[in-house]
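Open the model in a viewer and keep the sequence panel in view. The stops below follow one another as selections.

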Amino acid sequence: MSEPVDPLSQGTPALRLHRQLSAIWATGSGLQRLAAVNHSVIGMRMMITSFAFFAIAGVLGMLTRVQLATPNSPFMTSETYNQVFTMHGSMMLFLFAIPMVESFAVYLTPKVLGARDFAFPRLTAYGYWCYLFGGTILTVALVAGAAPNSGWFMYTPLSSNVFTPDINSDVWLLGVTFVEISALSLAIEIVVSILKMRAPGMSLDRMPIFAWYILVTAMMMIVAFPPLILGSILLEVERAFGLPFFDPTRGGDALLWQHLFWLFGHPDVYIIFLPMAGVLSTIIPVFARRPLVGYRAIVVAIIALAFLSFGIWVHHMFTVGIPHLALAFFSAGSAIVAVPTAVQVFAWLATLAHGRPRWDVPMLYVFGFFFIFVMGGLTGVMLAMVPFDWQAHDTYFVVAHMHYVVAGALAFPMLAAFYYWMPLLTGRTAVHRLSVPAFWLVFIGFNMTFFMMHLTGLRGMPRRIYTYSGDEGWNWLNLLSSIGGFVMTIGFALVVIDLFVQLRYGKRVRRNPWDSTTLEWAMPIPPAPYAFASIPDFGTTRTDSTVPNDLTLSLARGEGYLGFARNGWQETLGVHKTSGVPDQLIVLPSPTYLPLYTALLTAAAVLAMLFKFYLLSLGFALVTACLFVLAGQSAGLPRDYGPLPVGRGVSVPPHTEVADAPAWLALICALVADGTLFTSLLFGTFYLWISAPNWTAAVAPEPSRTLAIGAVAALAVAAATSRGSLRAATAGSGASGWIGLTLLALLAAIAAAVGQIADIVPHPREHALGATAAALIGYVILHGGIGLLFLFSNTLRLRAGFISPRRVLDLRLTRLWLDYTCVTGAIALGLVLALPALVTVVGARP
C-alpha cells in the first residue's frame with residue numbers, strides 16, 4: 001500500500017481549517033495546562049498518574065514478597081506489613097486498575113466513535129483531579145505511617161473503632177470514597193457520550209465493538225459503585241459519630257459491610273476485565289486480518305455477563321454461615337457466569353482460526369492473556385463449588401486465583417493496547433530488542449509468582465499472615481514466588497524503558513501501521529485537540545469495514561459534518577441514542593480552572609473530615625456545591641438560535657433547545673446511581689431487621705406521623721410547583737413565582753425532616769434501629785438540600801437570560817430531581833413509620 005499523503009501538507013483548505021480549529025480547541029501552555037478539559041489531555045494524565053500509582057503498589061507488593069520469602073523474617077513488623085499489604089491491594093484496585101480502565105475509555109472512546117470530545121469536558125477534568133487528590137491522600141498516609149491496616153477489603157470489626165482507633169481506617173474510607181466520586185462521574189460522562197455523540201449513521205448495532213465494551217462497563221460502574229460508597233459513608237459515620245450500623249452489641253451486624261462491599265467488589269472484577277476484553281476484540285481482528293467473528297453474540301454475551309455479575313456477590317461469603325439453599329443458588333450462578341466469558345474467548349479463537357494471523361508485540365501479550373485468563377477461569381470454577389471453597393477460602397489459593405483473573409486479565413491486554421496504540425501518539429513502533437524480552441520476563445515472572453501460590457494454598461497457607469514458622473512445607477514455594485515477583489518487576493521495568501526508547505529511537509511508521517478499520521487511525525499523528533477536522537458520515541457502511549486511510553484526506557479538508565469554524569465555538573454533533581441520526585449541535589465549554597478549584601475544595605472537605613473538623617468540612621462542602629452552581633452559569637447558550645447548518649445539507653438545533661440533551665441523560669444516569677445507593681440503604685435496613693442480633697431495642701421507636709406526612713406532602717407540593725414553573729417558562733410567562741413556591745415547599749419539607757430526626761427513639765448512637773432511621777431521614781434532607789441548589793441555579797440562569805420558551809432544560813432537570821426526591825422521600829419516611837411494626841415482628845420470631 002502506498003504511503004498516504006499528510007492532508008495538512010496540502011495547504012488550503014485543510015491547513016486553514018486546521019489552524020482555525022486549533023485556535024478554538026487549544027488548551028494553552030504553562031500553567032494554562034491546569035485548565036485543560038480536553039479528553040486527550042485528561043486521558044493521558046490519567047494513564048501517567050495510574051502508572052505512577054502502579055509503580056508504588058508494585059514496590060509494596062515486592063516488599064510483601066521479601067517478607068514472605070523466608071520463614072520468621074524480621075524484615076517488617078506485623079503492623080508495617082498490614083499497612084503495606086493493605087495499601088498494595090487498595091492501590092492496585094482503586095488507584096490503578098479502575099483508573100487505568102477509565103483512562104483508556106477517556107482517551108480512545110471519542111476517537112473510536114468519530115466525535116471530537118466528551119459531552120461534559122469539565123466533569124472529565126473534575127474527575128481526574130478528584131482521582132489525583134484522593135490517591136495523594138492515601139499515599140501521604142502511607143509515608144506518614146498512618147495508612148489503612150485492615151486489609152484492602154476493610155472488613156468490620158477489624159476496621160471499626162474497637163480494633164483501629166486511630167485514623168488508619170478513616171484514611172481508606174474517605175480517600176477511596178473520594179476516588180470513587182471520580183470514577184462515578186467519569187462513568188456517567190462515558191455513558192452519555194457514547195449514547196449521544198457518535199458519528200452520524202453509527203447506530204448502536206453498528207458501533208465498534210470496543211465502544212460496546214466501554215458502554216456496558218460504564219453502566220456497570222454506575223450501578224456497582226454506590227453500594228461501596230454507602231458502606232464507606234455508614235462505617236465512617238459509625239467511627240466519627242458512633243452510629244452502630246456494624247456493631248452487633250448495639251443492633252448492627254458486621255456482615256452488612258461484607259454484603260455492601262461485595263455488591264461492588266464482584267461486578268468490579270468484570271468492570272476491570274470487560275474493557276480489556278474490548279481491547280482484545282479490537283486488536284485480534286486487525287492481526288488476524290479478518291472481521292471479528294460473532295459481533296452480535298459478543299454484544300449479547302457482555303450484556304449477559306454484566307447482569308450475571310451483580311447476582312453472585314455472595315460467593316465471596318460462602319464461609320460466613322449462609323443458608324444452604326442460598327449457597328446452592330450462588331454456587332450455580334458463579335458457574336454459569338463462565339458461559340458468556342467462554343463465548344468471547346471462542347469468538348476470539350475463531351477469528352484467529354479463520355484469519356491469517358501475523359505476529360507482532362501486541363499479539364505476544366494477547367496469547368499471554370489467553371494462557372493466564374484460562375488458568376484463572378478454571379480456578380474460578382473450582383472456587384464456585386461450595387465444598388472446595390470451604391477448604392480453600394482463606395488460603396493463598398484464593399490470592400493466586402484473584403491475581404490470575406484480575407491482574408493477569410488487566411496487565412496483558414493493557415500492554416498489548418499500549419504497543420498497539422503508541423504509534424498513534426508517536427508515529428513509531430516498539431524496539432523489538434527490548435519489547436520481546438520484556439514480554440517473556442513479565443510472562444514467566446507472573447506465572448512463577450502466582451502459580452506457586454496455588455500450591456501453597458493447597459498446602460494450607462493462610463492469606464493475610466505476615467510470617468510463618470518454616471516447618472509447614474511452604475518454604476521453597478514462597479521463595480520461588482518471591483523470585484518470580486522480582487523477575488516480573490524487571491520485565492515491567494523493561495517495558496517502561498522500551499516505551500521511552502520508542503519515543504526517540506523507534507522505527508518510524510506510516511499512519512495506521514496495522515491496517516486497522518477503526519476511526520482513531522483516520523486522524524493526524526499525534527491527534528489534534530479537536531480530533532477530527534470534520535465528522536464522518538457512515539450512512540449504511542459498516543463501521544468495521546471502514547478504511548481510515550480513505551477518510552483521512554476527506555475529513556481533513558472539511559468534507560464531513562462541521563468542517564468549518566463558527567463563532568469560536570467548540571462544536572460537535574449529537575445523535576439519536578439508537579439510530580445515530582443527527583439531532584442536535586452540542587457546543588462544549590472552553591478550558592477553565594473551575595474543575596481544579598472544585599476538586600481542591602472537595603479535597604479540603606475530605607481532609608477536614610479526616611482530622612475531625614466536622615463543621616469546617618461542612619463549610620468546604622457547601623462552598624464546593626456553590627462552585628458547581630457557578631460552573632453551571634456559563635453552560636449553554638444565552639439566546640435562541642433555531643436550526644443551524646452542520647454540513648452536508650443538514651441543519652439541527654443547538655443542544656440547549658432540544659428535549660434529549662446530554663444533560664438530561666446525565667441526570668438520569670446520576671439518578672440511577674443515586675437510586676442504587678438508596679436501594680442499598682433499604683437493603684441494609686431490611687438486612688439488619690432480618691439478620692442482626694439484638695435488633696429489638698430496649699426503647700420502642702415512636703416516629704412522628706405528623707412530621708413524616710408533612711414532609712412527604714411538602715415534597716409533593718415542591719414537585720407540583722416545579723411543573724408549574726416549567727409550564728410558565730414554556731408559555732413565555734414568568735416562572736419566578738413558581739420557583740419561589742417550590743423553594744418554600746422544599747424548606748418546609750427539610751424542616752419537618754429535621755424535626756423528625758431530632759426526636760428519634762432510640763437515640764441513633766444507642767442502637768442501630770435509631771441509626772437506621774437517622775440514615776433514612778438524612779437521605780431525604782440531603783436530597784432536599786440539593787433541590788435548593790437546583791432552584792438557586794434556576795433563579796440565576798433565568799435572570800441571565802439562559803432560560804426561554806425554547807430553552808427550558810434547567811427547569812426540566814429540576815422537575816426530574818424533585819420528582820425523584822418526592823418518591824424516595826415517601827419510601828424512606830414510610831419505612832421510618834413502619835419501624836415499630838418491624839420491631840414487633842422481630843420480637844415474635846424464634
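**A buried glutamate and its surroundings**

Select E238: at 7% relative accessibility it counts as buried (under 20% relative accessible area; exposed is over 50% and partly exposed in between, with a 1.4 Å probe and protein chains only). This is a predicted model, in which local features need pLDDT of at least 70 and side-chain atom pairs count only at pLDDT 80 or more, while totals for chains, interfaces and linings use all residues. Residues are numbered from 1 along each chain as its sequence is written, and side-chain values use heavy atoms, with hydrogens and water left out.

E238 lies in helix α6 (helices are DSSP runs of H or I with at least four residues, strands are runs of E with at least two, and both are numbered from the N terminus). Not counting residues up to four places away in sequence, E238 touches S160, N161, L243, P244, F245, F246 and D247; contact means heavy atoms within 4.5 Å.

**α6 against α7**

Show residues 209-241 (α6) and 255-288 (α7), whose axes come within 8 Å and cross at roughly 160°. Axes are lines fitted to C-alpha atoms, for helices over the stretch in contact, and angles run from 0 to 180 degrees between N-to-C directions. The pair is therefore roughly antiparallel (over 145 degrees; under 35 is roughly parallel, 65 to 115 roughly perpendicular and the rest oblique). The α6 and α7 crossing is left-handed, meaning that the near helix is turned anticlockwise from the far one by less than a right angle; clockwise would be right-handed.

**α7 against α11**

On the α7 side, select F273, L280, I283, I284 and F287; on the α11 side, P362, M363, V366, F369, F370 and F373.

**The nonpolar core**

Which residues touch the most other members of the largest nonpolar core? Among its 280 residues they are M207, W212, W257, F273, W348, Y365 and F412. Such a core is a set of buried Ala, Val, Leu, Ile, Met, Phe, Trp, Tyr and Cys residues joined through side-chain atoms within 4.5 Å. α7 gives the most to this core, with 21 residues. Centre on W212 to find its contacts beyond four places in sequence: L204, M207, Y295, V299, I302 and I303.
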